Amino acid sequence: MAALGARGAAVLPARLSRVGRALWGWRARRGLGQDAGAADEGKAAEPSFADEAVQNLLYKMTGLNLQKVFRPVKKELKPPKYKLMTEAQLEEATRKAIEEAKERLIMPPVLNEREPIDDVLAEDKFLEGTEPTKYVFTDLTYSIPHRERFIVVREPNGVLRKATWEERDRMIQIFFPKEGRRVIPPVVFKDEHLVTVFQQDRHEDILNMCIAQFEPDSPDYIRVHHRTYDDIEKHGKYDLLRSTRHFGGMVWYLVNRKKTDGLLIDMIHRDLLDDTTSLITLYHMLHPDCQSAKEAKEGKLQGVDLIKVFVKTESQKEGYIQLALQAYEEAMATSTAS
């Protein structure tokens with residue numbers, strides 16, 4: 001065990017445990033979703049973010065734009081490198097680039113917010129007043145996953161309790177530093193500073209920083225993601241996250257809250273009709289009792305017919321979407337005629 005007072009620490013031998021992606025995978029396999037869970041007894045469970053069918057639809061809508069995935073990053077300038085390749089070598093290099101791009105587009109998990117920790121283990125009144133500061137005791141056993149690591153706090157009044165999530169995060173970061181994460185979160189994550197970030201169209205940057213700083217089920221992680229998605233939806237800046245690992249989470253968030261009109265219009269304007277039908281399919285999976293889901297199932301609707309029924313029964317901006325769809329159909333007719 002290790003005890004950490006106000007400014008000091010005593011540490012036993014420790015080894016970093018494999019958490020990071022392993023944690024994400026473990027939670028995802030259990031089907032935990034931020035807005036999805038088991039339905040009432042007697043009903044089929046609602047789809048979760050980690051479901052294969054959901055992931056396939058979200059990945060399809062994300063798109064695979066290699067120029068965007070591998071866009072240049074700001075760093076020290078170096079002379080460019082040129083390579084002469086045969087057709088076969090070029091095809092192999094392209095294939096490897098696509099595989100790497102798919103790895104970069106793996107979506108972060110979407111989880112329920114973790115339950116607060118408020119467990120008192122003992123109240124030792126005889127210790128009250130013996131120390132002016134609280135002590136945090138952390139189990140640094142090598143092989144224990146961080147989520148199972150035993151961390152307790154002794155208060156100055158003698159109360160021995162389990163550490164809160166915030167205290168746990170700080171202690172784990174102190175003893176097992178994670179690259180890109182700070183013990184005290186940067187002020188950029190506060191709501192008043194997020195406004196400036198959004199004005200600079202740095203939505204992807206703040207989400208990348210958020211993933212590095214917070215656990216996927218922490219309140220701050222979820223808050224920052226929701227603020228970012230809401231700003232994108234408000235200003236119609238969906239393309240900022242297209243072909244990034246964050247696009248699927250944004251779509252999941254918007255579909256759960258039935259805020260899909262803006263994204264639907266954006267997809268139609270960009271001639272992404274397949275993405276539009278995928279969006280509606282996902283909407284029907286999460287809201288199977290809606291009118292358009294029933295009509296689509298009865299009539300086995302697809303393509304433009306599916307979109308028209310959805311717009312008529314579910315959309316709050318029916319006129320705008322009808323005009324966008326009409327313009328798309330006219331453009332397709334002109335293209336076919338020529």
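Reply: Helices here are DSSP runs of H or I with at least four residues, numbered from the N terminus. Please keep in mind that this is a predicted model.

Me: In which helix do Glu100 and Arg104 both lie, and how far apart are the closest N and O atoms of their salt bridge?
Reply: Both Glu100 and Arg104 belong to helix 4, which covers residues 87-104, and they are four residues apart, about one turn of the helix. A salt bridge requires a side-chain nitrogen of Lys or Arg within 4 Å of a carboxyl oxygen of Asp or Glu. Glu100 and Arg104 form such a bridge, and their closest N and O atoms are separated by 2.9 Å.

Me: At roughly what angle do the axes of helix 2 and helix 9 cross, and is the crossing left-handed or right-handed?
Reply: Helix 2 spans residues 52-62 and helix 9 spans residues 247-256, and their axes come within 9 Å of each other. The axes cross at roughly 115°, and the crossing is right-handed.

Me: Which residues of helix 9 does helix 2 meet, and how many charged residues does the contact have?
Reply: From helix 2, Val54, Leu58, Met61 and Thr62 meet Phe247, Gly248, Val251 and Trp252 in helix 9. By class, six residues of this contact are nonpolar and two are polar, while the number of charged residues is none.

Me: Which helix supplies the largest share of the lining of the largest cavity?
Reply: The count gives one cavity of 30 Å³ or more, and about 120 Å³ of space lies in the largest cavity. Its lining has 14 residues, with Pro109, Val110, His225, Tyr229 and Gly249 nearest the centre, and by class nine are nonpolar, four polar and one charged. Helix 8 (219-235) and helix 9 each supply at least two lining residues, and the largest share, four residues, comes from helix 8.

Key
Residues numbered from 1 in each chain as written. Predicted model: local features only at pLDDT ≥ 70, side-chain atom pairs only at ≥ 80, totals over all residues. Heavy atoms only, no water. Axes fitted to C-alpha atoms, helices over the stretch in contact; angles between N-to-C directions. Left-handed = near helix turned anticlockwise from the far one by under 90°. Contact = heavy atoms within 4.5 Å. Nonpolar A, V, L, I, M, F, W, Y, C, P; charged D, E, K, R; others polar. 1 Å grid on protein atoms, 1.4 Å probe; cavity = no way out; pocket = protein on both sides within 12 Å on 5 of 7 lines; lining within 4 Å. Points joined across faces, edges and corners; volume = space filled by probe spheres on them.
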